[in-house]
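Here's a quick tour of a protein model, written for someone just starting out. Keep the 3D view open and click along as you read.

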Amino acid sequence: MSSSAPAPRVITVVGPTAAGKSDLGVFLAQQLDGEVVNADSMQLYRGMDIGTAKLTLPERGSVPHHLLDIWDVTETASVAEYQRLARAEIDRLLAAGRTPVLVGGSGLYVKGAIDALEFPGTDPEVRARLEEELAERGSGVLHARLAAADPGAGRAILPSNGRRIVRALEVIEITGKPFTANLPGDDAVYDTVQIGVDVARPELDERIARRVDLMWEAGLVDEVRALEARGLREGRTAARALGYQQVLAALAGECAEDEARAETVRATKRFARRQDSWFRRDPRVRWLSGAARDRGELPHRALALIERAVTA
């Protein structure tokens with residue numbers, strides 16, 4: 001590349017669930033001679049379509065989408081593996097003169113793709129010991145230990161999230177440093193324009209409730225039942241996905257289907273708040289309104305923002 005040529009550009013479209021990221025990503029890819037790279041951790045799983053609001057082929061508008069449907073539901077998600085795959089796609093697209101448009105609400109996945117982030121290794125013996133303790137004593141005991149060793153990690157990780165608590169304690173034991181010391185800063189690997197889609201909480205909550213209703217109408221329960229036969233219940237990551245976890249509980253007789261539906265709405269609203277808080281911490285994200293009244297203008301405002309950044 002000559003010194004006068006612009007640096008490679010990657011576009012990210014981020015924000016909470018139901019904000020309208022997927023449609024905006026398709027529009028930008030169409031306008032910028034680009035292709036979409038998925039950054040939603042649950043859309044990586046084959047067959048998890050309805051509950052993850054995965055775009056159908058017609059909705060993708062002939063735009064190639066990458067890193068969808070690549071893992072079986074029995075596979076445990078790995079941010080380090082996603083980082084490797086996402087950067088390979090981004091590099092390939094840049095080399096071909098295409099614009100990578102990274103779309104999704106999984107904050108650590110987005111950061112792993114575009115920022116300097118190295119993941120500590122794993123120690124099978126340490127991991128096995130911690131997982132055995134988790135099974136015997138429960139996540140609350142391990143979370144208390146984590147909070148004492150690394151208060152920042154204790155605040156960031158829910159006491160009920162045993163898998164992440166085990167990983168944080170493993171990293172502390174392997175590295176001898178707090179888990180939060182291994183979290184990423186804002187050192188970019190690519191020249192990136194980050195767009196956040198902002199929807200006020202009352203409107204977003206309404207969208208989430210409506211989206212869950214539509215998922216049930218579209219056959220989410222049948223989708224989960226079919227995936228259960230393919231090992232979903234044994235999947236350490238996929239079985240915890242919003243909607244899927246709740247439907248699995250209903251199928252096991254642990255709650256009524258209506259209760260599963262209501263809990264899916266509540267859990268998704270909580271998740272959307274955590275997503276919003278994550279992306280708000282990054283000062284590089286440029287926020288644009290995705291409210292219903294601004295929906296017609298959002299694509300053009302986003303395109304104008306990118307064009308200003310490219311010529312700056």
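A charge counts as sitting over a ring if NZ of Lys or CZ of Arg is within 6 Å of the ring centre and within 35 degrees of the ring normal. With that in hand, take a look at arginine 280, which lies over the face of tryptophan 287 at 3.8 Å from the ring centre. Keep in mind that this is a predicted model.

**The sheet**

- Six strands make up an open sheet, and if you walk across it you meet them in the order β3-β2-β4-β1-β5-β6, with parallel pairing.
- At the edges you'll find β3 (65-66) and β6 (285-289), each of which pairs on one side only.
- Strand β2 (residues 34-38) runs parallel to strand β4 (residues 99-103), and 5 bridges join the two.
- Across from valine 37 you'll spot leucine 102 in β4.

**Helices on the sheet**

- Helix α1 (residues 21-31) packs on the sheet and touches β1, β2, β3, β4 and β5 (191-198). The direction of α1 makes about 155° with that of β1.
- Helix α2 packs on the sheet as well, touching β1, β2, β3 and β4, and its direction makes about 180° with that of β2.

**The nonpolar cores**

- The largest nonpolar core has 42 residues, and the members touching the most others are Tyr45, Met48, Tyr82, Leu102, Leu232 and Tyr244.
- Several elements supply at least two residues each to this core, including β1 (9-14), α2 (79-95), α3 (107-114) and α11 (257-280).
- Which helix gives the most to this core? That's α2, with 6 residues.
- Leaving aside residues up to four places away in sequence, leucine 232 touches Val73, Val224, Leu227, Ala238, Ala239, Tyr244 and Leu248.

**Aromatic pairs**

- Searching the whole structure turns up 2 aromatic pairs.
- Tyrosine 82 and tyrosine 109 form a tilted pair, with 4.8 Å from centre to centre and 45° between the planes.
- That pair links distant parts of the chain, with tyrosine 82 in helix α2 and tyrosine 109 in helix α3, 27 residues apart.

Methods: Residues are numbered from 1 along each chain as its sequence is written. This is a predicted model: local features need pLDDT of at least 70, side-chain atom pairs count only at pLDDT 80 or more; totals for chains, interfaces and linings use all residues. Side-chain values use heavy atoms; hydrogens and water are left out. A nonpolar core is a set of buried Ala, Val, Leu, Ile, Met, Phe, Trp, Tyr and Cys residues joined through side-chain atoms within 4.5 Å. Buried means under 20% relative accessible area, exposed over 50%, partly exposed in between (1.4 Å probe, protein chains only). Helices (H or I, at least four residues) and strands (E, at least two) are DSSP runs, numbered from the N terminus. Contact means heavy atoms within 4.5 Å. Two strands pair if DSSP finds at least two bridges between them. Axes are lines fitted to C-alpha atoms, for helices over the stretch in contact, and angles run from 0 to 180 degrees between N-to-C directions. Rings of Phe, Tyr and Trp (its six-membered ring) pair if their centres lie within 6.5 Å; planes under 30 degrees apart count as stacked, over 60 as edge-to-face and the rest as tilted.
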